[in-house]
Amino acid sequence: MNVYKACGVLLFFTFLLPIVKSKDQLSSRACEDLGFTGLALCSDCNTLAEYVKDQELVSECLKCCTEDSDDSISKITYSGAIIEVCMRKLVFYPEIVSFIEEEKGQFPTVKVQYLFNSPPKLIMLDDEGQHKETIRIDNWKREHVLQFLKEKVKPTSAI
């Protein structure tokens, strides 16, 4: 990276990032439509900016992210989850199929729901079984789904 690009990146993160971040946050539905969820940390958007030179995409990410904090995101857990996916589209998601067939049994509070034309997503549930968070998992590997559920779903809870 040459000196001018480095200065440009530094200026972006020093001056423009706070301005973009201070603008209105998008609704969770609008963020989901863009492919972002409330679980995206703002530091992830900064990392995205290093690899993807699309300022509009980075701006959208920043409007949908959650500020980094040791006790905010990392400590959130859920009582259960629903893996929602279209049965006809499963052929396009072998990693999700593999998780459902081989790993889902480890999570008694995780259910599979087939909904026509639904992209693969995790719907995280609270203690009352109400939807709290929706996370698209189109490009997740089986290991990522497994690790995420181990960290985020309470092991002894029941829906």
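What we have here is a predicted model, in which local features need pLDDT of at least 70 and side-chain atom pairs count only at pLDDT 80 or more, while totals for chains, interfaces and linings use all residues. Residues are numbered from 1 along each chain as its sequence is written, and side-chain values use heavy atoms, with hydrogens and water left out.

Let me begin with the overall layout. The protein has six helices and four strands, where helices (H or I, at least four residues) and strands (E, at least two) are DSSP runs numbered from the N terminus. Read from the N terminus on, the order of these elements is α-α-α-α-β-α-β-β-β-α. Of the 159 residues in the protein, 38% are buried, and buried means under 20% relative accessible area, against over 50% for exposed and partly exposed in between, using a 1.4 Å probe and protein chains only.

Now to helix α3, residues 42-51, where Cys42, Cys45 and Ala49 are buried. Seen down the axis of α3, these buried residues fall within an arc of 45 degrees, so they line one face of the helix; the arc is that of the directions from the helix axis to the C-beta atoms.

How does α3 pack against helix α4, residues 55-64? The angle is about 175 degrees, with the axes 9 Å apart, where axes are lines fitted to C-alpha atoms, for helices over the stretch in contact, and angles run from 0 to 180 degrees between N-to-C directions. The two helices, α3 and α4, are therefore roughly antiparallel to each other. Cys45, Asn46, Leu48 and Ala49 in α3 meet Leu57, Val58, Cys61 and Leu62 in α4, contact meaning heavy atoms within 4.5 Å.

The second pair is α5 and α6, which pack at an angle of about 50 degrees with their axes 8 Å apart, and α5 and α6 are therefore oblique to each other. On the α5 side the contact is made by Glu95, Ile96, Ser98, Phe99 and Glu102, and on the α6 side by Arg142, Val145, Leu146 and Leu149. Within α5, the residues Ile96, Ser98, Phe99 and Ile100 are buried, and what covers them includes β1, β2 (110-114) and α6.

That brings us to the interior. In soluble globular proteins, nonpolar side chains tend to be buried together. A nonpolar core is a set of buried Ala, Val, Leu, Ile, Met, Phe, Trp, Tyr and Cys residues joined through side-chain atoms within 4.5 Å. Which of the 18 residues in the largest nonpolar core touch the most other members? They are Ile83, Ile96, Phe99, Leu122, Met124 and Leu149. At least two residues of this core come from each of β1 (80-85), α5 (94-102), β3 (121-125) and α6 (142-152), and α6 gives the most, with four residues. A second, separate core of ten residues includes Cys31, Cys42, Cys45 and Val58.

Finally, consider Lys121, which lies in strand β3. Is Lys121 buried or exposed? Lys121 is buried, with a relative accessible area of 12%. Leaving aside neighbours within four places in sequence, Lys121 is in contact with Glu32, Ile82, Ile83, Glu84, Thr134, Ile135, Arg136 and Ile137.

How values were computed:
Parallel < 35°, antiparallel > 145°, perpendicular 65-115°, else oblique.
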